[in-house]
Amino acid sequence: MKVTILGNNSALPAFGRHPTAQAVSVYGDIILIDCGEGTQIQMQRYGLRWRNVHHIFISHLHGDHYFGLPGLINSMSLLGRTAPLHLYAPAPLQPILESILTVADTVLCYPFYFHPLPEEGTALLVDDPSFSVTSFLVEHRIQCHGFLVERKTRGRKLLPDKCREYEIPAAYYEILKQGADYERRDGFLVKNEWVTEDGPAHKKYAYCADTLFTESFLPAIMNADTIYHECTYLEKDADKAAARFHSTASQAAKVAKMANAKQLLLGHFSSKYKDLELFREEACSIFPNAVVSTEGIAYEI
C-alpha cells in the first residue's frame, strides 16, 4: 500500500508544486483522492495508469481540489475506457459535471456513477474485498471530508516450493492462507507455518483534508499507520490559518501525536512559502516522524 503525491500545494500552483491530488495504490488498484488542475498530467509523469482507477474521492468543492476532474473524466472516455468509474463527492458537484458534459455534447463511453457524500457523521463508502474507504467530516469553510483508506489482509502468504515439497494439492491453497494445517492421505500432518509466512498486514491511511486544527475527527483516524494532514501555514502565521480554516505544521503534528499515528505526511502548502524545511522542523519538534511530502514520491504506508 503506497500513496503517491501528485499535488501538495494549496490554492495556487507555485515553485513547481501543484494543487491537491494523490493516488493511493492498494494491491494494484489506484484510489484517487482529490483532483486539482494538472492531475492527469501528473499521473502520466509518474506512471500511474488511469485504467487502474475505479474510485475517485473529492473532499470538497474548492477549485484546487477538483478543477482537474472534468478533464480526467473526458480523457478516459476519449481513450476508450469501458470499465465503470465511481465518483464520491459533495452533492453539488453532480450538476456541475452534468452541465460541463452537456454543453460540450459529450457522452461518456463507460458507466459513470456519482455517489453524494453524507452531510453528517462518518460513512463507509466502499467495502471491497481488498480495501475499504470511510469518509469523515473535517472543519473547513464549506462542507469538507477526510477519507480513511484501509487495506485488508489477504491471509497468510504461500510458499509454493514448500507446498509442493509436502505434496499439498493446489485446491487446498486458499484454506492454507486462512491458517489451517493440512493432513495428507498417509496421515502426516503438515503444519501451516511450514508452508506459509505472514502475509500483508492490515494498514490504515488517513487523508485529513483542508481543516482547522480540531480534535473532532480523531476517533476516525486513531492508530493510523500514516496520516496526511494539511499544514497550509507555519505557526508564526497561525492567525491566518485560523481565519481561513486551515492548520499549521505544528497543529498537524499535534493531531498525528494524539491519533497515535506512525507517520505524518505534511502537505497543502501556501504559495507564500518557497522553502519547506521549516515545516519539517516545526512538525518534528512535536511528532518526530513527520515528512514534508514531495510530488512524485510514493510513500509506503
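## Basis of the description

Two strands are regarded as paired if DSSP finds at least two bridges between them. Helices (H or I, at least four residues) and strands (E, at least two) are DSSP runs, numbered from the N terminus.

The model is predicted, and local features therefore require pLDDT of at least 70, side-chain atom pairs count only at pLDDT 80 or more, and totals for chains, interfaces and linings use all residues. Residue numbers start from 1 along each chain as its sequence is written, and side-chain values rest on heavy atoms, with hydrogens and water left out.

## The sheet from β6 to β18

An open sheet is built from 7 strands in the order β6-β5-β4-β3-β2-β1-β18, with mixed pairing. Neighbouring strands are turned against each other by 20° on average, direction ignored. For such angles, axes are lines fitted to C-alpha atoms, for helices over the stretch in contact, and the angles run from 0 to 180 degrees between N-to-C directions.

Strand β1 (residues 2–7) and strand β2 (residues 21–26) run antiparallel and are joined by 5 bridges. Within this pairing, Val3 stands opposite Val24 in β2, and Gly7 has Ala21 of β2 as its bridge partner. In β2, 5 of the 6 residues are buried, so the strand is largely enclosed by the rest of the structure. Buried denotes under 20% relative accessible area, exposed over 50%, and partly exposed the range in between (1.4 Å probe, protein chains only).

Strand β2 is also joined to strand β3 (residues 29–35), by 6 bridges in an antiparallel arrangement. The bridge partner of Val26 in β3 is Asp29. The two strands, β2 and β3, form a hairpin with 2 residues between them, and Tyr27 in the turn has a positive phi of about 50°.

Strand β8 (residues 131–137) runs antiparallel to strand β9 (residues 145–151), with 7 bridges joining them. Ser135 stands opposite Phe147 in β9. Contact here means heavy atoms within 4.5 Å.

## Salt bridges

The structure holds 12 salt bridges, a salt bridge being a side-chain nitrogen of Lys or Arg within 4 Å of a carboxyl oxygen of Asp or Glu. One of them joins Lys157 and Glu197, whose closest N and O atoms are 3.8 Å apart. This pair links distant parts of the chain, with Lys157 in strand β10 (residues 157–158) and Glu197 in strand β13 (residues 196–197), 40 residues apart. Lys157 is partly exposed, with a relative accessible area of 47%, and Glu197 is likewise counted as partly exposed, at 34%.

Another salt bridge connects the side chains of Lys272 and Asp237 (3.3 Å, N to O). Here too distant parts of the chain are linked: Lys272 lies in the loop between β16 (263–267) and α10 (277–284), Asp237 in the loop between β15 (226–230) and α8 (238–243), and the two are 35 residues apart. Lys272 is partly exposed, with a relative accessible area of 43%. Salt bridges with shared partners also join Lys203, Asp225 and Lys262 into one network.

## The surroundings of Asp237

Is Asp237 buried or exposed? At 8% relative accessibility, Asp237 counts as buried. Lys236, with which Asp237 forms a salt bridge at 3.4 Å between the closest N and O atoms, is exposed at 61% relative accessibility.

The side chains of Asp237 and Lys236 also make a polar contact (3.4 Å), and a polar contact of 2.5 Å joins the side chains of Asp237 and Tyr273. A polar contact is a pair of N or O atoms within 3.5 Å; within protein, one must be able to donate a hydrogen and the other to accept it, and residues adjacent in sequence count only if both atoms are side-chain atoms. Leaving aside neighbours within four places in sequence, Asp237 is in contact with Lys272 and Tyr273.
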